[in-house]
Amino acid sequence: MCAQQSRFDEYVRKRNFARTPEPPVGGQSWRMGPISFVIQKHAARRLHYDLRLELDGALKSWAIPRGPSLNPLVRRLAVMVEDHPLDYATFEGVIPEGEYGAGEVIVWDNGVYSPEDEGTLFFQDRSEAQAKARAGLVEGHLNLFLWGKKLVGGWTLVKIGGRCNLWLFTKVDDDFADAGVDVLEDDRSVVSDLTVEELRTRSRSGEPNQAA
Ligand code: MN
């Protein structure tokens with residue numbers, strides 16, 4: 001069974017907030033306007049990209065080992081992980097050696113998103129957008145329209161049958177699809193303009209490990 005634990009239990013259990021610069025729980029718990037998304041590039045032991053979708057006061061989260069592709073024929077594995085607090089959406093910094101997820105994190109992309117239902121988008125209706133996203137999560141099939149700085153257009157998140165946490169993240173074949181472009185080559189933070197390598201160099205030269 002796919003047991004859902006109390007919202008941030010797993011997030012808290014995995015982290016020592018005396019050591020990691022990641023945000024503790026108990027910060028921002030609600031927002032207005034369209035629901036938001038973020039993709040963080042995380043140079044942990046294995047580099048990956050973390051897709052996070054705001055829903056019901058938390059960030060639903062998936063680790064995408066190979067990152068998103070604009071090619072609609074390329075399906076990227078997305079491993080669902082624990083909910084993160086909303087404050088995590090702006091986190092950039094270095095998780096110290098020995099801590100969970102040790103390595104650099106940058107905000108690779110961010111923006112707002114809406115579920116898409118037969119051509120209808122819900123950017124203007126936060127409550128309906130969240131209801132659709134919630135239903136899609138339960139169903140194991142989410143049609144999304146992302147309005148980010150790097151990723152724009154339709155995407156699907158589809159659960160692999162029978163597994164609790166394995167999903168596929170795929171570009172919809174729309175005007176924003178582009179099989180000829182590697183979107184990951186644009187490797188700078190949309191917040192600080194830093195790459196993970198630059199963040200690492202800065203942190204080793206003794207600057208504070210919080211980027212912003
Ligand atoms: Mn990660």
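**Entry 1: Terms and model**

I noted first that a residue is called buried if its relative accessible area is under 20%, exposed if over 50%, and partly exposed in between, using a 1.4 Å probe and protein chains only. I am working with a predicted model, in which local features need pLDDT of at least 70 and side-chain atom pairs count only at pLDDT 80 or more, while totals for chains, interfaces and linings use all residues. Residues are numbered from 1 along each chain as its sequence is written, and side-chain values use heavy atoms, with hydrogens and water left out.

**Entry 2: Phe37**

I looked up Phe37 and found that it counts as buried, at 2% relative accessibility. Phe37 belongs to strand E1, residues 36-43; strands (E, at least two residues) and helices (H or I, at least four) are DSSP runs, numbered from the N terminus. I then listed its contacts, meaning heavy atoms within 4.5 Å. Leaving aside neighbours within four places in sequence, the residues that Phe37 contacts include Leu51, Leu53, Tyr113, Trp147 and Leu151. I also checked Asp193, which is 156 residues from Phe37 along the chain; their C-alpha atoms are separated by 18 Å.

**Entry 3: The manganese ion**

Which protein atoms are the donors of the manganese ion? I found His42 (ND1), His48 (NE2) and Asp50 (OD), at 2.2 to 2.3 Å from the ion. Donors are N, O and S atoms within 2.8 Å of the metal (3.2 Å for Na, K and Ca), and water is not among the atoms, so sites may look incomplete. Along the chain, the donors of the manganese ion have the spacing H-x5-H-x1-D. I recorded both His42 and Asp50 as buried.

**Entry 4: Gln40 and Arg52**

Gln40 counts as buried, at 0% relative accessibility. Arg52 lies in strand E2 and counts as buried too, at 3%.

I searched for polar contacts, which are pairs of N or O atoms within 3.5 Å; within protein, one atom must be able to donate a hydrogen and the other to accept it, and residues adjacent in sequence count only if both atoms are side-chain atoms. The side chains of Gln40 and Arg52 are joined by such a contact of 2.7 Å. The side chain of Gln40 also reaches the backbone oxygen of Tyr88, at 2.8 Å. What does the side chain of Arg52 contact at 3.5 Å? I found the side chain of Asp50, which is one of the manganese donors.

**Entry 5: Strand pairing**

I traced strand E4 (residues 75-85) through two pairings, where strands pair if DSSP finds at least two bridges between them. Strand E3 (residues 58-64) and E4 are antiparallel over five bridges, with Leu59 opposite His84. E4 and strand E10 (residues 166-171) are likewise antiparallel over five bridges, and Leu77 has Leu168 in E10 as its bridge partner.

**Entry 6: Nonpolar cores**

A nonpolar core is a set of buried Ala, Val, Leu, Ile, Met, Phe, Trp, Tyr and Cys residues joined through side-chain atoms within 4.5 Å. The largest core has 27 residues, of which Leu51, Leu53, Tyr113 and Leu157 touch the most other members. Among the elements that each supply at least two of its residues are E1, E3, helix H2 and E10. E2 gives the largest share, four residues. I checked Leu157 and found that, beyond four places in sequence, it touches residues including Leu51, Leu53, Trp62 and Leu168. A second, separate core has twelve residues, including Tyr11, Phe91, Ile95 and Val107.

**Entry 7: Aromatic pairs**

How many aromatic pairs does the structure hold? I recorded nine. Rings of Phe, Tyr and Trp (its six-membered ring) pair if their centres lie within 6.5 Å; planes under 30 degrees apart are stacked, over 60 edge-to-face, and the rest tilted. The rings of Tyr11 and Phe17 have centres 5.8 Å apart and planes at 35 degrees, so this pair is tilted. Tyr11 is buried at 0%, whereas Phe17 is partly exposed at 29%.

I also examined Phe123 and Phe145, whose pair is edge-to-face, at 6.2 Å centre to centre and 90 degrees between the planes. Phe123 is in the loop between strand E7 (120-121) and helix H2 (126-139) and Phe145 is in strand E8 (residues 141-148), so the pair ties together parts 22 residues apart in sequence. Both Phe123 and Phe145 are buried.
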